[in-house]
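Dear colleague,

Please find the structure we discussed below. My notes on it follow.

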Amino acid sequence: MVKIVTGVAGFIGSSLARRLLENGEIVVGVDCFTDFYPRAIKEKNLLPLRDFPSFKFLEKNILELDSAKLFDGVDGIYHQAAQAGVRSSWGRDFEIYITNNILATQKILEAIKDKKIRMIYASSSSIYGETKKIPMHEDDLPCPVSPYGVTKLAAEHLCGLYYKNFGVPTISLRYFTVYGPRQRPDMAFHRFLKGIMQSEEIVLYGDGEQTRDFTFIKDAVDANVSAMEKGKAGGVYNIGGGSQVSINYCIRRMEAITGKKAKVKRLERQKGDVTHTYADTTRAGADLGFHPSIPLDEGLLQEAEWIEKNILS
Ligand SMILES: NC(=O)c1ccc[n+]([C@@H]2O[C@H](COP(=O)([O-])OP(=O)(O)OC[C@H]3O[C@@H](n4cnc5c(N)ncnc54)[C@H](O)[C@@H]3O)[C@@H](O)[C@H]2O)c1
(Lines give C-alpha, C1' and ligand atoms only; values in the text may rest on other atoms or scores of the structure.)
Protein backbone atom coordinates (compact mmCIF):
# COMPACT_ATOMS: atom_id res chain seq x y z
CA MET A 1 0.00 0.00 0.00
CA VAL A 2 0.97 3.57 -0.59
CA LYS A 3 1.58 6.45 1.81
CA ILE A 4 1.44 10.09 0.76
CA VAL A 5 3.67 12.64 2.45
CA THR A 6 2.82 16.27 1.72
CA GLY A 7 5.56 18.82 2.31
CA VAL A 8 8.02 16.02 1.56
CA ALA A 9 10.87 18.38 0.66
CA GLY A 10 10.63 20.17 4.00
CA PHE A 11 12.34 19.47 7.31
CA ILE A 12 9.85 17.09 8.91
CA GLY A 13 8.33 15.70 5.70
CA SER A 14 11.69 14.59 4.28
CA SER A 15 12.78 13.01 7.57
CA LEU A 16 9.48 11.15 7.88
CA ALA A 17 9.50 9.97 4.24
CA ARG A 18 12.97 8.55 4.70
CA ARG A 19 11.84 6.51 7.70
CA LEU A 20 8.80 5.20 5.80
CA LEU A 21 10.97 4.18 2.85
CA GLU A 22 13.46 2.46 5.17
CA ASN A 23 10.48 0.61 6.68
CA GLY A 24 9.65 -0.74 3.20
CA GLU A 25 6.67 1.51 2.43
CA ILE A 26 5.86 2.94 -1.00
CA VAL A 27 5.85 6.73 -0.67
CA VAL A 28 4.42 9.39 -2.94
CA GLY A 29 5.84 12.74 -1.86
CA VAL A 30 4.20 16.04 -2.78
CA ASP A 31 5.83 19.46 -2.54
CA CYS A 32 5.68 22.68 -4.54
CA PHE A 33 8.90 24.27 -3.17
CA THR A 34 7.32 27.36 -1.64
CA ASP A 35 9.84 30.19 -1.38
CA PHE A 36 9.76 30.41 2.44
CA TYR A 37 13.38 29.24 2.30
CA PRO A 38 15.71 28.28 -0.57
CA ARG A 39 14.75 25.50 -2.93
CA ALA A 40 18.38 24.26 -2.90
CA ILE A 41 17.99 23.24 0.77
CA LYS A 42 14.80 21.35 -0.02
CA GLU A 43 16.37 19.64 -3.05
CA LYS A 44 19.13 18.45 -0.71
CA ASN A 45 16.49 17.07 1.66
CA LEU A 46 15.03 15.08 -1.23
CA LEU A 47 18.33 13.60 -2.45
CA PRO A 48 18.46 10.52 -0.17
CA LEU A 49 14.79 9.80 -0.89
CA ARG A 50 15.40 9.68 -4.63
CA ASP A 51 17.67 6.64 -4.12
CA PHE A 52 14.66 4.52 -3.21
CA PRO A 53 12.81 2.96 -6.19
CA SER A 54 9.69 2.96 -3.97
CA PHE A 55 9.73 6.78 -3.84
CA LYS A 56 7.81 8.91 -6.30
CA PHE A 57 7.98 12.69 -6.19
CA LEU A 58 5.28 15.03 -7.46
CA GLU A 59 6.30 18.66 -7.74
CA LYS A 60 2.83 20.09 -7.28
CA ASN A 61 0.90 22.50 -5.15
CA ILE A 62 -1.73 20.57 -3.18
CA LEU A 63 -4.34 22.99 -4.49
CA GLU A 64 -3.52 21.96 -8.05
CA LEU A 65 -3.50 18.20 -7.49
CA ASP A 66 -5.80 15.91 -9.38
CA SER A 67 -6.84 14.54 -6.02
CA ALA A 68 -9.46 12.08 -7.27
CA LYS A 69 -6.75 10.02 -8.97
CA LEU A 70 -3.93 10.69 -6.52
CA PHE A 71 -5.64 9.19 -3.50
CA ASP A 72 -6.70 5.94 -5.24
CA GLY A 73 -4.93 2.96 -3.68
CA VAL A 74 -3.50 5.12 -0.89
CA ASP A 75 -3.85 3.87 2.66
CA GLY A 76 -2.43 6.79 4.60
CA ILE A 77 -1.61 10.48 4.28
CA TYR A 78 0.94 12.34 6.36
CA HIS A 79 -0.04 15.95 5.78
CA GLN A 80 3.07 17.97 6.68
CA ALA A 81 2.84 20.73 4.08
CA ALA A 82 2.25 24.23 5.40
CA GLN A 83 3.54 27.74 5.43
CA ALA A 84 5.53 27.65 8.66
CA GLY A 85 6.88 30.52 10.76
CA VAL A 86 5.13 32.57 13.40
CA ARG A 87 6.77 35.97 12.89
CA SER A 88 6.17 36.23 9.15
CA SER A 89 2.47 35.43 9.43
CA TRP A 90 1.40 39.03 10.12
CA GLY A 91 0.42 41.44 7.38
CA ARG A 92 0.09 40.79 3.68
CA ASP A 93 1.61 37.31 3.78
CA PHE A 94 -1.32 36.05 5.84
CA GLU A 95 -2.97 35.13 2.56
CA ILE A 96 -0.20 32.59 1.93
CA TYR A 97 -0.91 31.06 5.35
CA ILE A 98 -4.63 30.80 4.61
CA THR A 99 -3.90 29.18 1.25
CA ASN A 100 -1.25 26.66 2.26
CA ASN A 101 -2.50 25.86 5.75
CA ILE A 102 -6.29 26.04 5.61
CA LEU A 103 -7.37 25.71 1.97
CA ALA A 104 -4.81 23.01 1.16
CA THR A 105 -5.92 20.94 4.17
CA GLN A 106 -9.59 21.33 3.27
CA LYS A 107 -8.85 20.22 -0.30
CA ILE A 108 -7.29 16.96 0.93
CA LEU A 109 -10.13 16.33 3.39
CA GLU A 110 -12.76 16.89 0.68
CA ALA A 111 -10.91 14.52 -1.64
CA ILE A 112 -10.79 11.71 0.90
CA LYS A 113 -14.11 12.16 2.67
CA ASP A 114 -15.67 9.08 1.04
CA LYS A 115 -12.49 7.02 1.08
CA LYS A 116 -11.80 6.78 4.81
CA ILE A 117 -8.04 7.14 4.33
CA ARG A 118 -6.18 7.72 7.59
CA MET A 119 -4.62 11.15 7.70
CA ILE A 120 -2.06 12.47 10.16
CA TYR A 121 -2.18 16.25 10.34
CA ALA A 122 0.91 18.20 11.45
CA SER A 123 -0.56 20.59 14.00
CA SER A 124 1.40 22.83 16.32
CA SER A 125 1.89 23.92 19.92
CA SER A 126 1.26 27.43 18.60
CA ILE A 127 -2.47 26.72 18.71
CA TYR A 128 -2.32 27.04 22.54
CA GLY A 129 -1.09 30.63 22.70
CA GLU A 130 -0.20 32.41 25.92
CA THR A 131 -1.66 29.85 28.32
CA LYS A 132 -1.16 30.24 32.07
CA LYS A 133 -1.48 26.49 32.57
CA ILE A 134 1.74 24.53 32.11
CA PRO A 135 2.12 21.80 30.95
CA MET A 136 -0.30 22.27 28.10
CA HIS A 137 -2.98 19.63 27.82
CA GLU A 138 -4.95 18.67 24.71
CA ASP A 139 -8.23 19.63 26.40
CA ASP A 140 -7.11 23.19 27.25
CA LEU A 141 -8.92 25.93 25.40
CA PRO A 142 -6.74 26.87 22.39
CA CYS A 143 -6.12 30.57 22.06
CA PRO A 144 -3.38 31.24 19.47
CA VAL A 145 -1.49 34.54 19.60
CA SER A 146 -0.15 34.49 16.02
CA PRO A 147 -1.93 34.43 12.66
CA TYR A 148 0.09 31.27 11.89
CA GLY A 149 -1.37 29.61 15.00
CA VAL A 150 -4.86 30.64 13.94
CA THR A 151 -4.43 28.90 10.56
CA LYS A 152 -2.95 25.75 12.14
CA LEU A 153 -5.89 25.60 14.56
CA ALA A 154 -8.44 26.21 11.80
CA ALA A 155 -7.02 23.28 9.82
CA GLU A 156 -6.99 21.11 12.95
CA HIS A 157 -10.67 21.94 13.49
CA LEU A 158 -11.35 20.99 9.85
CA CYS A 159 -9.76 17.59 10.52
CA GLY A 160 -12.08 17.17 13.52
CA LEU A 161 -15.11 18.23 11.46
CA TYR A 162 -14.39 15.78 8.64
CA TYR A 163 -14.02 13.03 11.22
CA LYS A 164 -17.32 13.86 12.96
CA ASN A 165 -19.33 14.43 9.79
CA PHE A 166 -17.84 11.98 7.30
CA GLY A 167 -15.88 9.54 9.47
CA VAL A 168 -12.51 10.50 7.93
CA PRO A 169 -9.97 9.02 10.36
CA THR A 170 -7.86 12.12 11.01
CA ILE A 171 -5.29 12.39 13.78
CA SER A 172 -3.67 15.69 14.72
CA LEU A 173 -0.19 15.82 16.21
CA ARG A 174 0.61 19.09 17.96
CA TYR A 175 4.39 19.33 17.56
CA PHE A 176 6.35 21.36 20.09
CA THR A 177 9.37 23.08 18.39
CA VAL A 178 11.02 20.32 16.39
CA TYR A 179 14.80 20.44 15.88
CA GLY A 180 17.66 18.30 14.59
CA PRO A 181 19.26 17.58 11.19
CA ARG A 182 17.50 19.37 8.28
CA GLN A 183 15.85 21.90 10.60
CA ARG A 184 14.48 24.93 8.73
CA PRO A 185 16.99 27.79 8.36
CA ASP A 186 14.64 30.33 9.97
CA MET A 187 14.42 28.35 13.23
CA ALA A 188 16.38 29.45 16.30
CA PHE A 189 18.62 26.39 16.80
CA HIS A 190 19.64 26.39 13.14
CA ARG A 191 20.42 30.11 13.13
CA PHE A 192 22.19 29.98 16.51
CA LEU A 193 24.36 26.94 15.79
CA LYS A 194 25.34 28.26 12.37
CA GLY A 195 26.18 31.69 13.81
CA ILE A 196 28.15 30.34 16.77
CA MET A 197 30.11 27.92 14.56
CA GLN A 198 31.05 30.78 12.22
CA SER A 199 31.81 33.19 15.12
CA GLU A 200 29.06 35.48 13.86
CA GLU A 201 26.52 37.50 15.82
CA ILE A 202 23.25 35.71 16.56
CA VAL A 203 19.94 37.52 17.00
CA LEU A 204 17.85 36.62 20.03
CA TYR A 205 14.35 38.03 20.34
CA GLY A 206 13.43 38.77 23.96
CA ASP A 207 15.52 38.23 27.11
CA GLY A 208 16.13 34.52 26.45
CA GLU A 209 14.23 33.44 29.55
CA GLN A 210 11.31 32.26 27.43
CA THR A 211 11.10 28.46 27.52
CA ARG A 212 10.31 25.78 24.98
CA ASP A 213 9.72 22.07 24.97
CA PHE A 214 12.13 21.09 22.18
CA THR A 215 11.35 17.88 20.30
CA PHE A 216 14.03 15.97 18.43
CA ILE A 217 13.13 15.10 14.83
CA LYS A 218 13.46 11.34 15.40
CA ASP A 219 10.85 11.54 18.15
CA ALA A 220 8.48 13.55 15.93
CA VAL A 221 8.92 10.94 13.17
CA ASP A 222 8.29 8.08 15.64
CA ALA A 223 5.09 9.82 16.72
CA ASN A 224 3.85 10.00 13.13
CA VAL A 225 4.52 6.33 12.44
CA SER A 226 2.79 5.25 15.67
CA ALA A 227 -0.13 7.62 15.09
CA MET A 228 -0.79 6.06 11.68
CA GLU A 229 -0.82 2.64 13.29
CA LYS A 230 -2.45 3.27 16.66
CA GLY A 231 -3.80 6.82 16.90
CA LYS A 232 -7.48 7.18 17.77
CA ALA A 233 -9.47 8.49 14.82
CA GLY A 234 -10.46 12.09 15.49
CA GLY A 235 -7.73 12.28 18.14
CA VAL A 236 -5.40 15.14 19.02
CA TYR A 237 -2.01 14.49 20.62
CA ASN A 238 0.73 16.70 22.05
CA ILE A 239 4.17 15.70 20.79
CA GLY A 240 6.91 17.22 22.95
CA GLY A 241 10.48 16.44 23.86
CA GLY A 242 9.82 16.06 27.58
CA SER A 243 11.67 19.02 29.08
CA GLN A 244 11.12 22.75 29.41
CA VAL A 245 14.29 24.75 28.92
CA SER A 246 15.08 28.42 28.42
CA ILE A 247 16.67 29.77 25.25
CA ASN A 248 19.57 31.14 27.35
CA TYR A 249 20.20 27.61 28.66
CA CYS A 250 20.17 26.24 25.10
CA ILE A 251 22.73 28.83 23.98
CA ARG A 252 25.00 27.78 26.87
CA ARG A 253 24.69 24.16 25.76
CA MET A 254 25.51 25.17 22.17
CA GLU A 255 28.63 26.96 23.42
CA ALA A 256 29.67 23.82 25.28
CA ILE A 257 29.03 21.60 22.26
CA THR A 258 30.81 23.80 19.71
CA GLY A 259 33.53 25.03 22.08
CA LYS A 260 32.80 28.60 20.93
CA LYS A 261 31.36 31.65 22.64
CA ALA A 262 28.08 33.02 21.31
CA LYS A 263 27.92 36.70 20.33
CA VAL A 264 24.33 37.48 21.17
CA LYS A 265 22.48 40.52 19.88
CA ARG A 266 19.26 40.95 21.86
CA LEU A 267 16.26 42.44 20.10
CA GLU A 268 12.76 43.13 21.28
CA ARG A 269 10.46 40.17 21.68
CA GLN A 270 8.40 39.61 18.54
CA LYS A 271 4.64 39.69 18.34
CA GLY A 272 3.23 36.17 18.13
CA ASP A 273 6.03 34.56 20.17
CA VAL A 274 4.67 32.87 23.31
CA THR A 275 6.51 32.96 26.65
CA HIS A 276 6.45 29.28 27.52
CA THR A 277 5.60 25.96 25.94
CA TYR A 278 5.65 22.60 27.63
CA ALA A 279 3.68 19.54 26.52
CA ASP A 280 1.70 17.16 28.63
CA THR A 281 2.32 14.01 26.58
CA THR A 282 0.40 11.60 28.79
CA ARG A 283 -2.17 10.93 26.08
CA ALA A 284 0.43 10.29 23.38
CA GLY A 285 2.26 8.01 25.81
CA ALA A 286 -0.87 5.97 26.53
CA ASP A 287 -2.30 5.70 22.99
CA LEU A 288 0.78 5.88 20.77
CA GLY A 289 3.46 4.52 23.09
CA PHE A 290 5.19 7.87 22.54
CA HIS A 291 8.20 8.46 24.78
CA PRO A 292 10.76 11.07 23.69
CA SER A 293 14.13 9.37 23.55
CA ILE A 294 16.75 11.96 22.55
CA PRO A 295 18.08 14.33 25.24
CA LEU A 296 18.80 17.96 24.31
CA ASP A 297 22.61 17.71 24.26
CA GLU A 298 22.57 14.70 21.97
CA GLY A 299 20.04 16.33 19.66
CA LEU A 300 22.01 19.59 19.52
CA LEU A 301 25.18 17.69 18.71
CA GLN A 302 23.46 15.91 15.82
CA GLU A 303 22.12 19.21 14.47
CA ALA A 304 25.55 20.88 14.82
CA GLU A 305 27.21 18.02 12.91
CA TRP A 306 24.59 18.25 10.18
CA ILE A 307 25.04 22.02 9.85
CA GLU A 308 28.81 21.59 9.65
CA LYS A 309 28.52 19.03 6.86
CA ASN A 310 25.58 20.34 4.89
CA ILE A 311 25.32 24.08 5.39
CA LEU A 312 28.83 25.30 6.13
CA SER A 313 30.83 23.16 3.71
N1 LIG B 1 9.27 22.52 12.64
C2 LIG B 1 8.56 22.69 13.74
O3 LIG B 1 9.11 22.91 14.84
C4 LIG B 1 7.06 22.61 13.71
C5 LIG B 1 6.35 22.83 14.90
C6 LIG B 1 4.97 22.73 14.87
C7 LIG B 1 4.31 22.40 13.70
N8 LIG B 1 5.01 22.21 12.55
C9 LIG B 1 4.28 21.84 11.35
O10 LIG B 1 4.95 20.72 10.77
C11 LIG B 1 4.86 20.76 9.35
C12 LIG B 1 6.24 20.66 8.73
O13 LIG B 1 7.04 21.75 9.19
P14 LIG B 1 8.53 21.95 8.70
O15 LIG B 1 9.27 22.62 9.79
O16 LIG B 1 9.03 20.67 8.13
O17 LIG B 1 8.31 23.03 7.53
P18 LIG B 1 8.99 23.14 6.09
O19 LIG B 1 8.71 24.54 5.63
O20 LIG B 1 10.40 22.70 6.15
O21 LIG B 1 8.18 22.10 5.21
C22 LIG B 1 6.90 22.37 4.68
C23 LIG B 1 6.92 22.01 3.19
O24 LIG B 1 5.59 22.14 2.68
C25 LIG B 1 5.70 22.62 1.34
N26 LIG B 1 4.40 23.24 1.01
C27 LIG B 1 3.81 24.29 1.63
N28 LIG B 1 2.61 24.56 1.07
C29 LIG B 1 2.43 23.65 0.09
C30 LIG B 1 1.39 23.39 -0.85
N31 LIG B 1 0.27 24.16 -0.89
N32 LIG B 1 1.52 22.36 -1.71
C33 LIG B 1 2.63 21.58 -1.69
N34 LIG B 1 3.66 21.77 -0.83
C35 LIG B 1 3.56 22.79 0.05
C36 LIG B 1 6.85 23.61 1.37
O37 LIG B 1 7.43 23.79 0.08
C38 LIG B 1 7.81 22.92 2.35
O39 LIG B 1 8.80 22.15 1.66
C40 LIG B 1 4.11 22.05 9.03
O41 LIG B 1 2.75 21.74 8.86
C42 LIG B 1 4.29 22.91 10.26
O43 LIG B 1 3.24 23.84 10.43
C44 LIG B 1 6.38 22.31 12.54
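Helix α1, residues 11-22, lies across strands β1 (2-6), β2 (26-31), β3, β4 and β5, and it runs at about 165 degrees to β1. Please bear in mind throughout that this is a predicted model.

The sheet behind these contacts is open and consists of 7 strands in the order β3-β2-β1-β4-β5-β6-β11, with parallel pairing. Its edges are formed by β3 (55-59) and β11 (236-239), each of which pairs on one side only. From one strand to the next, the twist averages 20 degrees. In general, the strands of a sheet pair through backbone hydrogen bonds, either parallel or antiparallel.

**Strand β5**

Strand β5 (residues 118-124) pairs with β4 (residues 74-79) in the parallel sense over 4 bridges. Within this pairing, Ile77 stands opposite Met119, and Tyr78 stands opposite Ile120.

Is β5 enclosed by the rest of the structure or open? Because 7 of its 7 residues are buried, β5 is largely enclosed by the rest of the structure. Side chains in a regular strand alternate between the two faces of the sheet. In β5 both faces are covered: Arg118, Ile120, Ala122 and Ser124 are buried on one side, and Met119, Tyr121 and Ser123 are buried on the other.

In soluble globular proteins, nonpolar side chains tend to be buried together. The largest nonpolar core of this model has 79 residues, of which Ala17, Ile120, Leu173, Ala220, Ala223, Ala227 and Ile239 touch the most other members. Helix α5 (residues 147-166) gives the most to this core, with 7 residues.

Apart from its neighbours within four places in sequence, Ile239 is in contact with Leu173, Arg174, Tyr175, Phe176, Thr215, Ala220, Ala223, Ala279, Thr281, Ala284 and Phe290.

**Surroundings of the ligand**

There are 31 residues around the ligand, and those that come nearest are Gly7, Gly10, Phe11, Ala82 and Ser124. Two or more residues of the shell come from each of α1, β2, α4 (94-112) and β5. Which element gives the most? That element is α1, with 3 residues.

Ile112 lies in helix α4. With 23 other C-beta atoms within 10 Å, against a cut-off of 20 or more, Ile112 is buried. Leaving aside neighbours within four places in sequence, its contacts are Phe71, Ile117, Met119 and Val168.

Gly299 lies in helix α10 (residues 296-310). This glycine also counts as buried, because it has 23 C-beta neighbours inside 10 Å. Not counting residues up to four places away in sequence, Gly299 touches Tyr179, Gly180, Phe216 and Ile294. As for Thr281, it is 18 residues apart from Gly299 along the chain, and the two C-alpha atoms are separated by 19 Å.

**Backbone features to inspect**

Most residues other than glycine have a negative phi, and most peptide bonds are trans.

- Ile134 and Pro135 are joined by a cis peptide bond, with omega about 0 degrees. Pro135 is found in the loop between β5 and α5.
- Phe33 has a positive phi of about 50 degrees, although it is not a glycine. Its place is in the loop between β2 and α2 (39-50). Phe33 is partly exposed, with 16 other C-beta atoms within 10 Å.
- Ser199, which is not a glycine either, has a positive phi of about 55 degrees. Ser199 is found in the loop between α6 (188-197) and β8 (201-205), and it counts as exposed because it has 11 C-beta neighbours inside 10 Å.

With kind regards

Key: Residues are numbered from 1 along each chain as its sequence is written. This is a predicted model: local features need pLDDT of at least 70, side-chain atom pairs count only at pLDDT 80 or more; totals for chains, interfaces and linings use all residues. Two strands pair if DSSP finds at least two bridges between them. Axes are lines fitted to C-alpha atoms, for helices over the stretch in contact, and angles run from 0 to 180 degrees between N-to-C directions. Two residues are in contact if their C-beta atoms, placed from the backbone, lie within 7 Å. A nonpolar core is a set of buried Ala, Val, Leu, Ile, Met, Phe, Trp, Tyr and Cys residues joined through C-beta atoms within 7 Å. A residue is buried if 20 or more other C-beta atoms lie within 10 Å of its own, exposed if 12 or fewer, and partly exposed in between; C-beta atoms are placed from the backbone. A residue is near a molecule or strand if its C-beta atom, placed from the backbone, lies within 6 Å of it.
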